[in-house]
Amino acid sequence: MPMLISTADSIPGHRIVEMKGIIHAVVQKAFSRDPEFVQLAEKKFSLLPWVKFISDDATAGYLIGKANDLLMHRAGELGANAVISVSYQFDVFWKIGVTAYGTAVIVENVEDETSAQTTPQS
């Protein structure tokens, strides 16, 4: 099953079977389009795997996408297959980054269980 992500506290058609924990991600603009500067910033914060620096010309949608990627990666490290209750905080004034929070969970597909229960056994 692919990693699922939702701003809701549940995922339609799925049941939460285990909570893995609260996770977060930070995506910041590096104030430079110079790839060497971005790499230096990444290296300086390498002990913080939930932080990602990107070039200065990124759009808000790109920032959200990268934050989602980091959340899903962190959830996978915890053994989760979904992230629920995702929320985003933007640096609206400076427009330099986004912080995302969510809960890593393991979910099961309820539809699979329903079809298995209604399928006649031989």
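**Notes on the fold and its cores**

1. Of the contacts between residues at least 6 apart in sequence, 70% join residues at least 24 apart. Bear in mind that this is a predicted model.

2. The chain contains 3 helices and 5 strands. Read from the N terminus, the order of elements is β-β-α-β-α-β-β-α.

3. The chain has 122 residues, and 31% of them are buried.

4. The largest nonpolar core holds 16 residues, and Ile23, Val27, Leu63, Leu71 and Ala75 have the most contacts inside it. Two or more residues come from each of β2 (14–29), α2 (60–77), β4 (82–90) and β5. The greatest contribution is from α2, which gives 5 residues.

5. Beyond its neighbours within four places in sequence, Val27 is in contact with Lys52, Ile54, Leu63, Lys66, Ala67, Leu70, Ile96, Gly97 and Val98.

6. There is also a second, separate core of 6 residues, among them Leu4, Ala82, Ile84 and Val105.

7. Val105 belongs to strand β5, which spans residues 97–109. Its relative accessibility is 0%, so Val105 counts as buried, the cut-off being under 20%. Outside the four places on either side in sequence, the contacts of Val105 are Ile16, Glu18, Met19, Lys20, Ala80, Asn81, Ala82 and Ile84.

8. How far apart are the C-alpha atoms of Val105 and Gly79? The separation is 8.3 Å, although Val105 and Gly79 are 26 residues apart along the chain.

Methods
Residues numbered from 1 in each chain as written. Predicted model: local features only at pLDDT ≥ 70, side-chain atom pairs only at ≥ 80, totals over all residues. Heavy atoms only, no water. Helix = DSSP H or I, 4+ residues; strand = E, 2+ residues; numbered from the N terminus. Buried < 20%, exposed > 50% of the residue type's maximum accessible area, 1.4 Å probe, protein only. Contact = heavy atoms within 4.5 Å. Core = buried A, V, L, I, M, F, W, Y, C linked by side-chain atoms within 4.5 Å.
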